[in-house]
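Please walk me through this structure, one place at a time.

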Amino acid sequence: MLCKKNGGVMAVMIAILVCMISANQSHSATIKSSLSVETKGSGPALIFIPGLNSGKETFRATCDHLQKNYQCHLLQLPGFAGHPAAPGLQQDFLIAMRDEILAYLNNHKLQKVTLVGHSLGGTLSLMLALKAPELVDRLVIVDALPFYPAIQNPALTAELMRPQAEQMRVMMNNQSQADYEKNAAANMQGMSNNPARLPLLIEWSKNSDRATTTQAMVALMTTDLRGDVAAIKQPTLVLGAWAAYKAYGSTKDSTAGIYQLQYAKLKNVDIRLSDTGYHFLTWDDGDWVNQQISEFLSAK
């Protein structure tokens with residue numbers, strides 16, 4: 001997903017991260033929490049991982065389409081969209097969630113799974129394939145990049161981004177609830193091409209845990225997988241969005257170039273861009289997404 005500014009491309013953080021930080025200031029530290037998972041269908045396992053402050057409903061229609069041939073595991077990350085936060089989370093959020101999902105796969109003896117991740121969930125899918133390649137058969141990455149901050153400046157590194165990430169942490173911790181909600185309402189317009197989805201997105205953000213959101217955003221801003229993805233051997237389908245920002249100078253070709261540069265070291269990758277969908281591609285261009293995933297899964 002690209003952002004509008006200076007001809008069309010700005011750090012994807014602005015749209016995917018900053019505009020989704022309207023979070024409830026209350027915490028649920030006394031409630032023991034981890035992943036919650038809904039399972040539907042039967043067959044080879046598809047592990048659906050939603051993004052920042054998002055609910056598993058992101059993938060509901062996708063699962064409905066695929067469950068006749070596959071077993072859908074609809075994951076809900078803790079702390080997002082009204083689900084209790086994981087108490088005492090001190091380490092990198094992405095590493096913690098990667099290990100939680102890995103434990104889920106091992107506990108349920110799931111092997112040769114297909115990971116389907118949206119946004120932050122796409123980052124987690126890449127990390128899981130790197131950590132436990134023996135468990136992963138294929139990956140489907142929905143509008144996610146190996147290193148978001150480098151969209152405009154490929155020379156950026158995680159270390160260079162760390163001071164900015166820490167500044168953002170301070171800003172988020174000190175921002176009033178009213179300002180959080182104002183930012184969310186103003187900036188989520190470009191997340192979906194269906195205005196009817198906006199109330200749900202705002203509700204998800206309001207009901208997400210502030211500390212969890214902050215941890216997740218800092219982790220995303222300081223996690224650079226552009227070089228690491230060279231170790232991923234599994235076939236990988238990347239579905240991207242650009243249409244929300246064509247009025248500001250973005251083109252399908254320019255966006256494809258950004259994806260190709262970021263995934264340059266992932267050799268077995270197939271990058272496809274929707275013509276009409278915004279960031280929530282599974283909602284905005286659902287038939288196209290279902291077709292791409294179905295074709296990818298059936299290919300030998």
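Arg98 is buried, with a relative accessible area of 15%, because a residue counts as buried when that value is under 20%. The model in view is a predicted one. Arg98 belongs to helix H3. The side chains of Arg98 and Asp99 are joined by a polar contact of 2.9 Å. Setting aside neighbours within four places in sequence, Arg98 is in contact with Leu124, Met127, Leu128 and Lys131.

Those partners lead to a second helix. Two packed helices are described by the angle between their axes and the distance between the axes. Here helix H3 covers residues 93-107 and helix H4 covers residues 120-131. Their axes come within 9 Å and cross at roughly 65°. The crossing of H3 and H4 is right-handed. On the H3 side, the contact is made by Phe93, Leu94, Ile95, Met97, Arg98, Asp99, Ile101 and Leu102. On the H4 side, Leu120, Thr123, Leu124, Met127, Leu128 and Lys131 take part.

Most residues other than glycine have a negative phi, and most peptide bonds are trans. Ser119 is not a glycine, yet has a positive phi of about 55°. Ser119 sits in the loop between strand E4 (113-118) and H4. With a relative accessible area of 2%, Ser119 is buried. Asp143 is another residue other than glycine with a positive phi, in this case near 50°. The loop that holds Asp143 runs between strand E5 (136-142) and helix H5 (158-174). At 1% relative accessibility, Asp143 also counts as buried.

Next come the aromatic rings. A pair of aromatic rings is described by the distance of the centres and the angle of the planes. A search of the whole structure finds four aromatic pairs. In one of them, the rings of Phe80 and Phe93 have their centres 5.5 Å apart and their planes at 45°, so the pair is tilted. Phe80 lies in the loop between strand E3 (71-76) and H3, while Phe93 lies in helix H3. The two residues are 13 residues apart, and the pair links distant parts of the chain. Phe80 is buried, with a relative accessible area of 0%, and the value for Phe93, also buried, is 0%. Phe93 is also one of the residues that H3 brings to its contact with H4.

What is the arrangement of the rings of Phe280 and Trp283? Their centres are 4.7 Å apart and their planes are at 20°, so the pair is stacked. Phe280 is buried, with a relative accessible area of 1%. Trp283 is buried as well, with a relative accessible area of 13%. Ring pairs link Trp204, Phe280 and Trp283 into a cluster.

The side chain of Ser208 reaches the backbone oxygen of Trp204 at 2.7 Å. Ser208 is placed in the loop between helix H7 (198-206) and helix H8 (210-221). Is Ser208 buried or exposed? Ser208 is buried, with a relative accessible area of 0%.

Asn268 is in the loop between helix H9 (252-262) and strand E7 (269-273). Not counting residues up to four places away in sequence, Asn268 touches Lys233, Gln234, Pro235 and Thr236. A polar atom of the Asn268 side chain lies 3.5 Å from the backbone oxygen of Lys233. The C-alpha atoms of Asn268 and Gln234 are separated by 6.7 Å, although these residues are 34 residues apart along the chain.

Finally, consider the chain as a whole. Its secondary structure comes to eleven helices and seven strands. The chain has 300 residues, of which 57% count as buried. Among contacts between residues at least 6 apart in sequence, 80% join residues at least 24 apart.

Terms used
Residues numbered from 1 in each chain as written. Predicted model: local features only at pLDDT ≥ 70, side-chain atom pairs only at ≥ 80, totals over all residues. Heavy atoms only, no water. Axes fitted to C-alpha atoms, helices over the stretch in contact; angles between N-to-C directions. Helix = DSSP H or I, 4+ residues; strand = E, 2+ residues; numbered from the N terminus. Left-handed = near helix turned anticlockwise from the far one by under 90°. Contact = heavy atoms within 4.5 Å. Buried < 20%, exposed > 50% of the residue type's maximum accessible area, 1.4 Å probe, protein only. Polar contact = N/O pair within 3.5 Å; in protein donor to acceptor, adjacent residues only side chain to side chain. Phe/Tyr/Trp six-rings, centres within 6.5 Å; stacked < 30°, edge-to-face > 60°.
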